[in-house]
Amino acid sequence: MARPRLGQHFLNRPTLLARLAEAACPEHAPLVIEIGPGRGALTRFLLERAARVIAIELDRRLAGELRDKFPGEERLEVVEADVLATPLGQWGPAVVAGNLPYYITSPILTRIFELGASLRRAVLLMQEEVARRLTAEPGTRAYGFLTVHANLFTRPEVLFSVPAAAFRPPPKVRSAAVRLTPRPEIRPHEQEQFLEFAARCFRQKRKTLRNNLAAYYGPRIDLCPEAGLRAEQLSLAQLRRLWARLEESG
């Protein structure tokens, strides 16, 4: 399910693979998009729970091995492509599953969030540190722009931890399974504008909101009681209210 030379490692414990597939497809799913199927360890379990699996694999050799492993399986389509250059919404509403390469986890998450209403749910294996950032509480060290981004579009939850020994070769860090449940869709232009605002708030994380936002809002930011706080001290709801007030006063 992974390519060590591309920053991934193969999960090879059937019990954990079965848990991932069950979390992704608690009931029979019409379509699953699998990211980084590698040798097809998770693919086998997903096929037991889905009418169709689109497996996106960058490595040409592994893509060929995957086709050979499931000969004549018409429900499986192996797409040899870079997931970051692949429009995931082209196949319609889908569950997303996979073992994410550590070094491009955040960009892949962004592509998943961009699915909007087409995302049924996502169950993903990732570095445990990133999983904790997705579910961090305001005021904690792990809380940041990624937390806000993820929670704007989904409700993230850590399902279980996965030890390094469960992979071949074992990575140097622990991993975790995360489920992302989509939130009701908000208007696209609001998503884009608010994320731009949030990125400004977290641009220099240790600085106050006043310091990060003064160049964009001038003296208006001084009128906000949150001006002396850091972005990491505000929840998503508080950040959205601050953004709305600043936009209305412009």
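Visitor: What percentage of the 250 residues in the chain do the buried residues make up?

Guide: Buried residues make up 51% of them. A residue is called buried when its relative accessible area is under 20%, exposed when it is over 50%, and partly exposed in between, with a 1.4 Å probe and protein chains only. This is a predicted model, in which local features need pLDDT of at least 70, side-chain atom pairs count only at pLDDT 80 or more, and totals for chains, interfaces and linings use all residues. Residues are numbered from 1 along each chain as its sequence is written, and side-chain values use heavy atoms, with hydrogens and water left out.

Visitor: What is the mean pLDDT of the chain?

Guide: The mean is 93, and 96% of the residues reach 70 or more. The pLDDT is the predictor's confidence in each residue, from 0 to 100. Over residues 1-6, however, pLDDT stays under 50.

Visitor: Why does the radius of gyration of the chain agree with that of a compact globule?

Guide: The radius is taken over C-alpha atoms, and the globule rule is 2.2 Å times the number of residues to the power 0.38. For 250 residues a compact globule would have a radius near 18 Å; the chain has 20 Å, and therefore the two agree.

Visitor: How many helices and strands does the chain have?

Guide: The chain has 9 helices and 9 strands. Both are DSSP runs numbered from the N terminus: helices are H or I with at least four residues, strands are E with at least two.

Visitor: Why does Phe 45 count as buried?

Guide: Phe 45, in helix H2 (residues 41-47), has 11% relative accessibility and therefore counts as buried.

Visitor: Which residues is Phe 45 in contact with, leaving aside its neighbours within four places in sequence?

Guide: Contact means heavy atoms within 4.5 Å. On that basis Phe 45 touches Pro 14, Leu 17, Ala 18 and Ala 21. Leu 17 is 28 residues apart from Phe 45 in sequence, yet 7.1 Å apart in space, C-alpha to C-alpha.

Visitor: What makes Arg 200 buried or exposed?

Guide: Arg 200 lies in helix H7 (residues 188-201). Its relative accessibility is 17%, so Arg 200 counts as buried. Beyond its neighbours within four places in sequence, Arg 200 is in contact with Asn 212, Leu 213, Tyr 216 and Tyr 217.
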